[in-house]
Amino acid sequence: MPDLYPEQKKAIEELAPGKVLFGIMGTGKTRTALGYYVKYQSPKRLIVITTAKKRDDLDWIWEATLFRIAEEERLSLHGKITVDSWQNIAKYEGIKDAFFIFDEQKTVGRGKWSASFLKIAQHNEWILLTGTPGDNWLDYATLFIANGWYKNITEFRDKHVVYSYWGKFPKVERYLSEHRLNVLRNEILVEMPYVKHTKPFLNWLEVGYDQELFKMVYERRWNPYENKPIRDIAEMFRLMRKVVNSDPARVAMVRQIQQSHKKLIVFYNFDFELEALRNAFGMYEELENPNFQLAEWNGHKKEPIPRSDEWIYLVQYVAGAEGWNCIETDAMCFYSLTYSYKNFVQAMGRIDRLNTKFIDLFYYMLVSNSVIDRGIQRSLKSKEAFNERKFAREDGSLGLTADFF
C-alpha cells in the first residue's frame with residue numbers, strides 16, 4: 001500500500017459501508033477509498049462508477065496499481081477492479097456481493113441512475129465520494145433510502161417535504177423534522193480533512209452591461225431578441241442572463257486577465273458565450289500570436305488541455321465542473337456565474353490539487369451590477385444554490401405578481 005497522509009488514514013478508519021467520503025477537490029479521496037477497500041473489503045470484486053472522463057483517462061486504474069489492484073484477477077493481489085461510467089450503471093444492477101465505490105454524487109432525484117444505485121445497494125456494500133454531498137435535503141434522499149432509513153422517496157417526501165403548488169410544477173416550500181435529517185446526514189458523512197498548502201484569491205470583477213436592454217426585459221417584460229412579450233418567469237430569467245452575459249465587456253475583461261495569466265481556464269454557461277469567446281480568441285490564435293492555443297471541453301468538443309506556453313481552455317460548467325484536473329496553471333476565470341454552488345466549488349477544485357506546484361491560486365468572477373448577477377453572487381457567497389422563483393418573490397425590484405409564475 002502506498003504511503004498515506006495521517007488525514008487519509010483517519011478517514012479510512014471512520015469509513016463504513018453506506019457512508020459518504022466528502023472533501024474539497026484534491027484531498028485524495030480516490031486513494032483513501034482504495035485504501036479502505038484494501039483494508040476492509042478485499043478480496044471482493046471492486047467496481048468503481050465514476051465520470052466518463054475519469055474512466056477514459058484511466059485515473060482510477062493508475063491509482064489502483066499503487067495498491068496492487070488490477071483489472072485481471074490473476075494480476076491482482078486483491079479483487080479485480082472494474083471502472084465504468086455513471087451512464088452505464090444499469091449494467092451492474094444484477095451484481096451481488098461486490099464492493100462499489102461511487103465517485104461523485106449522481107444519485108439526486110428519481111432518475112435512472114438513482115434507481116440503479118438503489119438496486120445495487122440492496123445486494124452490495126458501497127461508499128460514495130463527493131466534494132459536495134447535496135444542496136438541499138432532497139439531494140440526500142436516495143442515500144438515506146439506500147441506508148434503509150426510508151422505504152422509498154414517497155415515504156421521505158411524506159415525512160419531510162412541504163410543497164407549494166403555485167405554477168405548473170410543485171416547488172419545495174419547506175422541510176419538516178430537520179433535526180432528524182441532520183442526525184442522519186451526520187451519520188453517513190465522513191469528512192476528508194485537507195491541510196491546504198494553496199491559498200485561493202477570489203476576485204469579483206465588475207463588468208458593464210446594456211442597462212436599457214436589461215430594463216426592456218425586467219421592467220417592460222419584453223423579449224428584445226424576438227420582439228414579443230415575455231411568456232413566463234423562466235423566459236425572463238433566461239433573457240436577463242443573455243443580456244448581461246453577452247455584453248462585449250466580458251470578453252474585454254477576459255483579455256485583460258489573460259495578459260497576466262498566460263494559461264487560463266475559462267468557465268461559461270451558454271453556447272452564445274462560447275461563440276463570443278471563440279470569435280475573440282480564435283482570431284487571436286490565428287493572427288496575433290502563433291504560440292497561443294485555444295481548446296474546449298463541452299458538449300461539442302472534448303479537447304485536452306493545451307501543452308503550449310500560452311493558452312485558454314474553455315469549459316462548460318455542466319460538462320466540465322468535475323472529473324479532471326489541471327496543475328499547469330494558477331488561474332481560472334468565471335465568464336458567467338453558475339446557479340449551482342456545488343458546480344462553483346467543483347470548478348474551482350480543478351486547479352486546487354494536492355500535487356500542484358502553485359501556492360497562490362487566482363479566481364476571477366465576472367459580475368455585472370444587474371439584479372440577476374448580484375442575486376446569483378449573493379447565493380454563491382452564502383454557499384447556496386440560486387433559485388429563480390425564490391429570488392423573484394423576495395426581490396421587490398422585479399415587481400412580480402403571483403400570476404406571472
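Student: Which residue lies over the face of Trp297, at 4.2 Å from the ring centre?

Tutor: A charge sits over a ring if NZ of Lys or CZ of Arg is within 6 Å of the ring centre and within 35 degrees of the ring normal. Here Lys53 lies over the face of Trp297, at 4.2 Å from the ring centre. Lys302 also lies over the face of Trp297, at 5.3 Å from the ring centre.

Student: What kind of model is this?

Tutor: This is a predicted model, in which local features need pLDDT of at least 70 and side-chain atom pairs count only at pLDDT 80 or more, while totals for chains, interfaces and linings use all residues. Residues are numbered from 1 along each chain as its sequence is written, and side-chain values use heavy atoms, with hydrogens and water left out.

Student: How many aromatic pairs does the structure hold?

Tutor: Rings of Phe, Tyr and Trp (its six-membered ring) pair if their centres lie within 6.5 Å; planes under 30 degrees apart count as stacked, over 60 as edge-to-face and the rest as tilted. The structure holds 29 such pairs. One of them joins Tyr36 and Tyr40, which are tilted, with 5.4 Å centre to centre and 40° between the planes.

Student: Where do Tyr36 and Tyr40 sit in helix α2?

Tutor: Helices (H or I, at least four residues) and strands (E, at least two) are DSSP runs, numbered from the N terminus. Tyr36 and Tyr40 are four residues apart in helix α2 (residues 29-41), so about one helical turn separates them. For accessibility, buried means under 20% relative accessible area, exposed over 50%, and partly exposed in between (1.4 Å probe, protein chains only). Tyr36 is buried at 3%, whereas Tyr40 is partly exposed at 40%.

Student: What geometry do Tyr150 and Phe156 show?

Tutor: Tyr150 and Phe156 form an edge-to-face pair, with 5.3 Å centre to centre and 80° between the planes. Tyr150 is buried at 4% relative accessible area, and Phe156 is buried at 0%.

Student: Which strand order does the open sheet of six strands have?

Tutor: Two strands pair if DSSP finds at least two bridges between them. In this sheet the order is β9-β16-β15-β12-β14-β13, with parallel pairing. The edge strands, β9 (199-206) and β13 (292-297), each pair on one side only.

Student: How many bridges link β12 and β15?

Tutor: Strand β12 (residues 263-268) and strand β15 (residues 331-334) pair in the parallel sense over three bridges. Val266 has Cys333 in β15 as its bridge partner.
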